[in-house]
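Thanks for making the time this morning.

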Amino acid sequence: MSGLRIRPTEPNDSGCILNITPESAGWRYVGFSIHSCSEGQTIRHSVRDRETCFVILAGRAQFRVDARDFGQIGSRTGVFDDEAPYAFYAPADAVCEIQASTSLELAICTAPGWSRIEPRIIIPADIGVEDRGSGSNRRFVRNVLPETEPADSLLIAEVITPAGNWSSYPPHKHDSDNLPAESALEETYYYRMNPPQGFGFQRVYTDDRSLDETLCVEDGDVVMVPRGYHPVGAAHGYDMYYLNVMAGPRRTWLINNDPAHEWMLKR
């Protein structure tokens, strides 16, 4: 599979600069888009048989869902602020209207949905922060929509990887529907860099190397991970942010590490 790296484009009428659908990705579950909106701009969103989690990356917005007004949410000026995001969950088939109260960067994450879960605001205080790894493998994880919170398919997290560090490491995969040993989850990585001219690298590979790509990632890129191991490295001098969106036939995150590199966990 080629074309795993997707670059942003100029915004359309609703501010969309990047859009991945199951059809465009060639998979079944994850949909992902980024909208860059000016103050007052409105996004109208409704997807049949798919749930949605809106993650406010920067700015503030007013949310109305099925004619119910949830008010304004959002507080960050950017993804590298030292705080978790506001987010909003909407069940399948919900009719959503989002109006930018300020300039707005919004991620729209979708996956199959079937339950009538109540729409809700997800506040920063409800999002756990995990200090994971050590040394040059240290990174900071914000669990926006973990499997302990109500949803049908979506799993969402933000990760800050300090400059020069590795992340999603040792290399792991989740592409086999083989519970309880491993779950099958498609995944997208949305990248931002600080300073923005920075870059990093992501490798996506399988045991048999039928898929083996190493990608240079820059500010605003998305990498699609349909299968295989997928480690990430941030270049020296540039902190890295990525937003992970995962979904699959079962809503649980169970991984297997690459056996060639698992030894470092046992030191």
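Predicted model: local features only at pLDDT ≥ 70, side-chain atom pairs only at ≥ 80, totals over all residues.

**Strands, cores and rings**

Residues are numbered from 1 along each chain as its sequence is written, and side-chain values use heavy atoms, with hydrogens and water left out.

That pair belongs to the antiparallel pairing of β4 with strand β9, residues 96–100, which runs over four bridges; strands here are DSSP runs of E, at least two residues long, numbered from the N terminus, and two of them pair if DSSP finds at least two bridges between them. The two strands sit in an open, antiparallel sheet of four, in the order β4-β9-β6-β7. Its edge strands, each pairing on one side only, are β4 (42–45) and β7 (68–73).

Turning to strand β5, residues 50–58, we find that nine of its nine residues are buried, where buried means under 20% relative accessible area, exposed over 50%, and partly exposed in between, with a 1.4 Å probe and protein chains only. β5 runs antiparallel to strand β10 (residues 104–112), joined by eight bridges, and E51 has A111 as its partner there. Four bridges also join β5 to strand β8 (residues 87–90), again antiparallel, with T52 opposite A90.

Which residues touch the most other members of the largest nonpolar core? They are F32, V55, L57 and I156, in a core of 35 residues; such a core is a set of buried Ala, Val, Leu, Ile, Met, Phe, Trp, Tyr and Cys residues joined through side-chain atoms within 4.5 Å. Strand β24 (residues 239–247) gives the most to this core, with four residues. Apart from it lies another core of 18 residues, among them F54, A61, I73 and F88.

Finally, the rings: the whole structure holds 12 aromatic pairs, counted when ring centres of Phe, Tyr or Trp (its six-membered ring) lie within 6.5 Å, with planes under 30 degrees apart called stacked, over 60 edge-to-face and the rest tilted. Y189 and Y191 are stacked, at 6.0 Å centre to centre and 20° between the planes. Y189 is buried, at 1% relative accessible area, and Y191 is buried at 0%. Ring pairs also link F54, F63, F70 and F88 into a cluster.
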